[in-house]
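Have a look at the model below, and keep it open while you read.

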Amino acid sequence: MTATSPLMPTYPPPAVTFVKGKGARLWDDEGNEYLDFLSGLAVTGLGHSHPAVAQALAIQAQTLVHTSNLFGTLPGPEVAGTLDRLLGGGGQVFFTNSGAEANECAIKLARKWGGRGKHVVVSALGSFHGRTLATLHATGQPQKWEAFQPLPEGFRHVAWNDLDALEGALDPSVAAVLVEPVQGEGGVNPATSEYFQGIRRLCDERGILFMVDEVQTGLGRTGEWFGHQHFGVVPDVVTTAKALGNGVPIGACWAKAEVAWAFQPGDHATTYGGQPLAAAAARAVLAVMEAEDVPTRAAKAGATLTAALAADPHVAEVRGLGLLVAAQLVDGLDAGLVAKAALEQGLVVNAVTPTALRLAPNLLVTDEEIAEACEKLAAAYAAVEASA
Ligand code: PLP
């Protein structure tokens, strides 16, 4: 078999190749301009090439890029302190290079905290927690893991937003419950307040860790700094990644200090996690996010986007929180075809399910950009209908 690309075929062949980005705009290698309402899958929360992040990277690249975690470096602890403050305080952070690794850290921490025999992690059907072997098994989508059996044991899945189902799965072998505030990859399905509050109560009663995966929902996207803050609960462990570096790979696993204490020197490590270059980017990202009050902006822009999407007769329902939104299309309209037609109109969105589009513009998005995106979507619906 002859390879047609130097890349492994894990993704479908790309429709376009992007070479430049600025704010909400992207340009392809033929000079065409696009409005980006996906933000690299909820990553570039401050838009592309944000000047403060670019400057922080340039300065850090000329100062110190890497020394290993055997030594102290400066930006990392500062970022950890800011994350801890935004999460309410009293916790400690382990830095990673991705969301999956942040969840791996959480899973290992739960096992170390629980001890032998109390190691099971219960997660929800429809969830997504990553592609490493353990986070793949935590992911409640069996079709994604079937080909990779045998997977690490110690994972159990229950129906989403169903507290009785969760309660039924809790036995003395369970160390932790791991859930997303909004299932992003699973179709943009928000949790209910009752669900999150019920999980907190059950975990307190049974001595189980409540771990929240905020890899996609964290850092302002939902209209709060972290999605679980909508529900008035404080988890024991929170993971985050995507928006933290605005595209520079960095993730974090935060845990209450009394839980983080289960890790001692030698228990967990990573060569790059929290290294100065990535941490300098995260420090600049958090400074801009706080200065711009991105949660408030995301809540307001999210309401505008939701109303604008719902006004189109091709949309049956809009769901989500803040600027993490899905437009459920009316029967018969294929989301994959609409996303393709939108790209041809110069709008980047994705089909999060075969019948729903996901929109996750940057958190500084303007009303004009939202109006423009909805016009391009209207043209995309029309193009799909015309070709049917
Ligand atoms: N957890 C959630 C909720 C995610 O949405 C994702 C990625 O989409 C991950 C974990 C995995 O993150 P990464 O792709 O950075 O490993």
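Glu-317 stands opposite Gln-328 in E14. This pair belongs to the contact between E13 and E14, which run antiparallel and are joined by 6 bridges; two strands count as paired if DSSP finds at least two bridges between them. The two strands form a hairpin with 2 residues between them, and there Gly-322 takes a positive phi near 60°. Before going further, please note that this is a predicted model, where local features need pLDDT of at least 70, side-chain atom pairs count only at pLDDT 80 or more, and totals for chains, interfaces and linings use all residues. Residues are numbered from 1 along each chain as its sequence is written, and side-chain values use heavy atoms, with hydrogens and water left out.

Contact here means heavy atoms within 4.5 Å; axes are lines fitted to C-alpha atoms, for helices over the stretch in contact, and angles run from 0 to 180 degrees between N-to-C directions.

Now turn to another open sheet, in which 4 strands follow the order E1-E2-E3-E15 with mixed pairing. Its edge strands, each pairing on one side only, are strand E1 (18-22) and strand E15 (347-348). E1 and strand E2 (residues 25-28) pair in the antiparallel sense over 4 bridges, and Phe-18 has Asp-28 in E2 as its bridge partner. Helix H13 (residues 367-387) lies across E2, strand E3 (33-36) and E15, and runs at about 110° to E3.

Stepping back, the protein has 13 helices and 17 strands; helices (H or I, at least four residues) and strands (E, at least two) are DSSP runs, numbered from the N terminus. Its C-alpha trace spans about 60 × 55 × 50 Å along the principal axes. What would the radius of gyration of a compact globule with 388 residues be? It would be near 21 Å, and the protein has 21 Å, which agrees. That radius is taken over C-alpha atoms, and the globule rule is 2.2 Å times the number of residues to the power 0.38.

Of the 32 residues that line it, the closest to its centre are Asn-69, Val-93, Phe-94, Phe-95 and His-268. On a 1 Å grid over the protein atoms alone, using a 1.4 Å probe, a pocket is an open set of points with protein on both sides within 12 Å along at least five of seven lines, and lining residues have an atom within 4 Å of a point.

Finally, look at a few backbone details. The peptide bond from Gln-149 to Pro-150 is cis, with omega near 0°, and Pro-150 is found in the loop between helix H6 (142-145) and strand E6 (155-158). Ser-68, although not a glycine, has a positive phi of about 90°.
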